[in-house]
Amino acid sequence: MKLLSSLALFVTLGLSCAVAKDKAPKGNESADKDKASQEVVISGNDTMQFDVKNFEVKAGSKVKVTLKNVGKIPKIAMGHNLVVLKKGITAVAFGQKALGAGANATNALPESLKGDVIAATKLLGPAESDSIEFTAPKEPGSYEYVCTFPGHFALMRGTMTVK
Ligand code: ZN
């Protein structure tokens, strides 16, 4: 029975997707497949810390990362985001680049930085949260993530390990 219902779901999704395909944003082609096979919830706080500094994902799997800002200090002084970086881009180097490119409490991530990024949440104020879904890279290894709020990259960073 389970197989049958999954099959039905698959067909339904396939159909609705065929209709919506033309409108689908670029990079979203895989949205009709399985839901995220792994979900990670990470919080950022007023002392510039992510509570999760390492997590593992399976190469090529769907991953959902939710960032919660659990702090109380206003966004203009203590905003947080979570930016997953491509292989070989370090959190520190990217943090400095983001600072130079004008990443701050009001801007979205500058376009000039997006080439280094696998996925990025919005910048969050107190009690806000945002989720990103992406396909884990196929190449195993370490991928760093960072908060680009000015100055936070020194403390707010971690590593996603792809296995
Ligand atoms: Zn931060």
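**Notebook: a predicted chain with a zinc site**

Entry 1. I began with Ala127, which is exposed, with a relative accessible area of 75%. Phi of Ala127 is near 70 degrees, a positive value in a residue that is not glycine. I found Ala127 in the loop between β5 (117-120) and β6 (129-135). Helices (H or I, at least four residues) and strands (E, at least two) are DSSP runs, numbered from the N terminus.

Entry 2. I noted the basis of the entries: this is a predicted model, in which local features need pLDDT of at least 70 and side-chain atom pairs count only at pLDDT 80 or more, while totals for chains, interfaces and linings use all residues. Residues are numbered from 1 along each chain as its sequence is written, and side-chain values use heavy atoms, with hydrogens and water left out.

Entry 3. I looked up a further positive phi. Met48, also not a glycine, has phi near 60 degrees. Met48 sits in the loop between β1 (38-44) and β2 (54-57). With a relative accessible area of 24%, Met48 is partly exposed.

Entry 4. I then asked how the chain is built. Its secondary structure comes to three helices and eight strands. Along the sequence I read the pattern α-β-β-β-α-β-α-β-β-β-β. Of the 163 residues in the chain, 36% are buried. The accessible surface comes to about 9500 Å², and carbon and sulfur atoms hold 58% of that surface; accessible areas come from the Shrake-Rupley method with a 1.4 Å probe, and for residues only the protein chains shown count as cover.

Entry 5. I turned to contacts, where contact means heavy atoms within 4.5 Å. Among contacts between residues at least 6 apart in sequence, 74% join residues at least 24 apart. I also looked up Lys62 and Ala136, which are 74 residues apart in sequence and 6.2 Å apart in space, C-alpha to C-alpha. Lys62 belongs to strand β3 (residues 62-69). Its relative accessibility is 17%, so Lys62 counts as buried.

Entry 6. Which residues coordinate the zinc ion? I found His80 through ND1, Cys147 through SG, His152 through ND1 and Met156 through SD, at 2.1 to 2.4 Å. Donors are N, O and S atoms within 2.8 Å of the metal (3.2 Å for Na, K and Ca); water is not among the atoms, so sites may look incomplete. The spacing of the donor residues in sequence is H-x66-C-x4-H-x3-M. Cys147 and His152 are both buried.

Entry 7. I followed an open sheet of five strands, in the order β2-β8-β7-β4-β5, with mixed pairing. At its edges stand β2 and β5, each with a single partner strand, so one side of each has no neighbour in the sheet. From one strand to the next the twist averages 25 degrees. Two strands pair if DSSP finds at least two bridges between them.

Entry 8. I went through the pairs in turn.
- β2 and β8 pair in the parallel sense over four bridges, and Phe55 has Met160 in β8 as its bridge partner.
- β7 and β8 (residues 157-162) run antiparallel and are joined by six bridges. Tyr143 has Met160 in β8 as its bridge partner, and Ser142 stands opposite Thr161 in β8.
- β4 (residues 83-85) and β7 (residues 141-146) run antiparallel and are joined by two bridges.
- β4 and β5 pair in the antiparallel sense over three bridges.

Entry 9. Which strands does helix α3 lie across? I found that α3 (residues 91-100) lies across β4, β5, β7 and β8 and runs at about 35 degrees to β7. Axes are lines fitted to C-alpha atoms, for helices over the stretch in contact, and angles run from 0 to 180 degrees between N-to-C directions.

Note on methods. Buried < 20%, exposed > 50% of the residue type's maximum accessible area, 1.4 Å probe, protein only.
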